[in-house]
Amino acid sequence: MEGLLGEHGEVLIYGIIGMITVLLICFVCESKWKELTPDYKTNVSKNNSQFIKENKDKYPIIEADEIIYARYKAEDFNCRDFIKAKDCNGNDISNRIKIYGTVDTFRRGIYQLRCVVMSENQLASTKYINVIVE
């Protein structure tokens with residue numbers, strides 16, 4: 001033990017003093033921490049959950065199955081026939097749906113479409129749909 005303290009005693013003492021200093025600073029500043037941080041940092045979860053509850057029914061809804069089956073070599077396939085959208089009041093806003101992705105019915109496989117609809121109050125909903133061509 002004397003060998004350890006003799007060789008590294010000074011470093012150990014400074015390390016212990018440093019740790020005690022950090023703990024004292026944390027203890028003293030803990031009460032002031034809430035005053036230093038802005039409200040939006042400390043209340044994020046409360047405000048966010050309140051926002052979700054208040055606006056839950058205001059978002060548009062995309063009504064579609066997650067998987068749509070298409071016949072192989074079907075020339076009359078239109079994915080818009082399977083996808084509908086309504087706003088928070090139940091009005092049909094299917095004409096506002098933007099569909100990203102393509103489906104080639106002459107090639108078998110799985111195609112992913114991303115459907116996005118935006119309501120009049122500029123709230124958007126997104127839904128991913130897989131189209132299986134078999």
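The charged end of R114 sits over the ring of Y100, 4.5 Å from its centre. A charge counts as being over a ring if NZ of Lys or CZ of Arg is within 6 Å of the ring centre and within 35 degrees of the ring normal. R108 does likewise with Y72, lying over the face of that ring at 4.1 Å from its centre. All of this comes from a predicted model, where local features need pLDDT of at least 70, side-chain atom pairs count only at pLDDT 80 or more, and totals for chains, interfaces and linings use all residues. Residues are numbered from 1 along each chain as its sequence is written, and side-chain values use heavy atoms, with hydrogens and water left out.

Back to R114 and Y100: the two also stand opposite each other, with R114 in β5. Strands here are DSSP runs (E, at least two residues), numbered from the N terminus, and two of them pair if DSSP finds at least two bridges between them. β4 and β5 (residues 109–118) run antiparallel over 3 bridges, and I99 has C115 of β5 as its bridge partner.

The largest nonpolar core has 16 residues, and I83, I97, C115, V117, I129 and V131 have the most contacts inside it. Such a core is a set of buried Ala, Val, Leu, Ile, Met, Phe, Trp, Tyr and Cys residues joined through side-chain atoms within 4.5 Å, buried meaning under 20% relative accessible area with a 1.4 Å probe, protein chains only. β2, β5 and β6 each supply at least two residues of this core, and β5 gives the most, with 4 residues. Leaving aside residues up to four places away in sequence, I83 touches I62, E63, A64, S94, I97, I99, C115 and I129, contact meaning heavy atoms within 4.5 Å.

Methods. Buried means under 20% relative accessible area, exposed over 50%, partly exposed in between (1.4 Å probe, protein chains only).
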